[in-house]
Amino acid sequence: KKRRRAAMRVAYRNAREEDPLEEIEEGEQERQQREQHELEQQRIGQLVEKTVAGEIPVHALETQLSDCDLAVRVRRGWLTQNTNKSLSGLPMQGFDYKSVHGVCAEMVVGYVPLPVGVAGPLLLNGKQYQVPLATVEGALIASTRRGCKAISESGGASARVTKQGMTRAPVLLFPSAMRACDFQEWIESADNLPRVQEKFASTSRFGRLQSVKVAVAGKQAYARFCCATG
């Protein structure tokens, strides 16, 4: 019985391998995939030409195409034509470009993979952590790990956030020191803060103004804007 079953399995497998219908179906699938790839490459080529010609702004490909992956492909083609340099050494596949669009990167043409190691354990505020570090600097992680070990074996470290915010400090030049002082008095007034916050918010999608402090030095006013970003 075992021999008969084994022979039947071999016969069935051979029949599948010799089945002309399966070969036709596989050939048809390969042909369709090849045609789809060719059409996609043609479309990318057309979009690259439009970008090179200035018909599509290269910085706005993601918005214009509504496809972040396609935008990166087109921008790579545009860059290759502009520089006459190949980007074959810069990885593109396997990255979620939608996650960085409008958040932390512009004019994206690929990504650079970095090795990630961990340093620890670090005893901080009574809890142990393994700290991830992305670096190509030799011995950095090893030395950081030794520091974490020394801190932990010495009883650990304590930390507290007393204030959180991002600051910007432009310098404004006024016709006179008196005008600079008037500006300081006006912008630091609690009554005017809501208006300043509204204007500040119109210039940033993420920044929300928390406070403003001004230091006057002659005709110059050094304004320090502190805002929350998330």
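Contact in this note means heavy atoms within 4.5 Å. The structure is a predicted model: local features need pLDDT of at least 70, side-chain atom pairs count only at pLDDT 80 or more, and totals for chains, interfaces and linings use all residues. Residues are numbered from 1 along each chain as its sequence is written, and side-chain values use heavy atoms, with hydrogens and water left out.

1. **Overall layout.** The protein has seven helices and six strands. Both kinds of element are DSSP runs, numbered from the N terminus: helices are H or I with at least four residues, strands are E with at least two. Read from the N terminus, the order is α-α-α-α-β-β-α-β-β-α-α-β-β. Take the contacts with a separation of 6 or more: 49% of them join residues 24 or more positions apart.

2. **Surface and burial.** The accessible surface is about 17200 Å², and carbon and sulfur atoms hold 52% of that. Areas come from the Shrake-Rupley method with a 1.4 Å probe; for residues, only the protein chains shown count as cover. Of the 230 residues, 21% count as buried. Buried means under 20% relative accessible area, exposed means over 50%, and partly exposed lies in between (1.4 Å probe, protein chains only).

3. **The largest core.** This nonpolar core has 13 residues. Such a core is a set of buried Ala, Val, Leu, Ile, Met, Phe, Trp, Tyr and Cys residues joined through side-chain atoms within 4.5 Å. Phe183, Ile187, Val212, Val214 and Phe225 touch the most other members. Helix H6 (177-187), helix H7 (193-201), E5 and E6 each supply at least two residues. E6 gives the largest share of this core, four residues.

4. Leave aside the neighbours of Phe225 within four places in sequence. Its contacts are then Met166, Thr167, Arg168, Pro170, Ile187, Val196, Phe200, Leu209, Ser211 and Val212.

5. Strand E5 covers residues 208-217, and strand E6 covers residues 220-228. The two run antiparallel and are joined by nine bridges. Strands pair if DSSP finds at least two bridges between them. Val212 stands opposite Phe225 in E6. Two residues separate the strands of this hairpin, and Gly218 in the turn has a positive phi of about 65 degrees. Ala217 lies in E5. Ala217 is partly exposed, because its relative accessible area is 42%. Its C-alpha atom is 9.3 Å from that of Cys181, 36 residues apart along the chain.

6. **The salt bridge.** How many salt bridges does the count come to? The count is one. The rule asks for a side-chain nitrogen of Lys or Arg within 4 Å of a carboxyl oxygen of Asp or Glu. Glu62 and Arg75 form the pair, at 2.9 Å from N to O. It links distant parts of the chain, with Glu62 in helix H3 (residues 61-65) and Arg75 in helix H4 (residues 68-83), 13 residues apart. Side chains of opposite charge can pair when their charged atoms come close.

7. **Surroundings of the pair.** Are Glu62 and Arg75 buried or exposed? Glu62 counts as buried because its relative accessibility is 10%. Arg75 is buried too, with a relative accessible area of 0%. Leaving aside neighbours within four places in sequence, Arg75 is in contact with Val58, His59, Leu61, Glu62, Met107, Val108 and Val109.

8. **A nonpolar patch.** Val112, Leu114 and Val136 make a nonpolar surface patch of about 320 Å². Patches take residues with over 30% relative accessible area and no salt bridge; like charges are joined within 9 Å, nonpolar side chains (Val, Leu, Ile, Met, Phe, Trp, Tyr) within 5 Å. Leu114 sits in the loop between H4 and strand E1 (116-124). At 46% relative accessible area, Leu114 is partly exposed.

9. **Backbone points to check by eye.** The peptide bond from Gly120 to Pro121 is cis, with omega near 5 degrees. Pro121 is in strand E1. Ser66 is not a glycine, yet has a positive phi of about 55 degrees. Ser66 lies in the loop between H3 and H4 and is exposed, at 67% relative accessible area. Asn125, also not a glycine, has a positive phi of about 55 degrees. The loop between E1 and strand E2 (127-134) holds Asn125, which is partly exposed at 44%.
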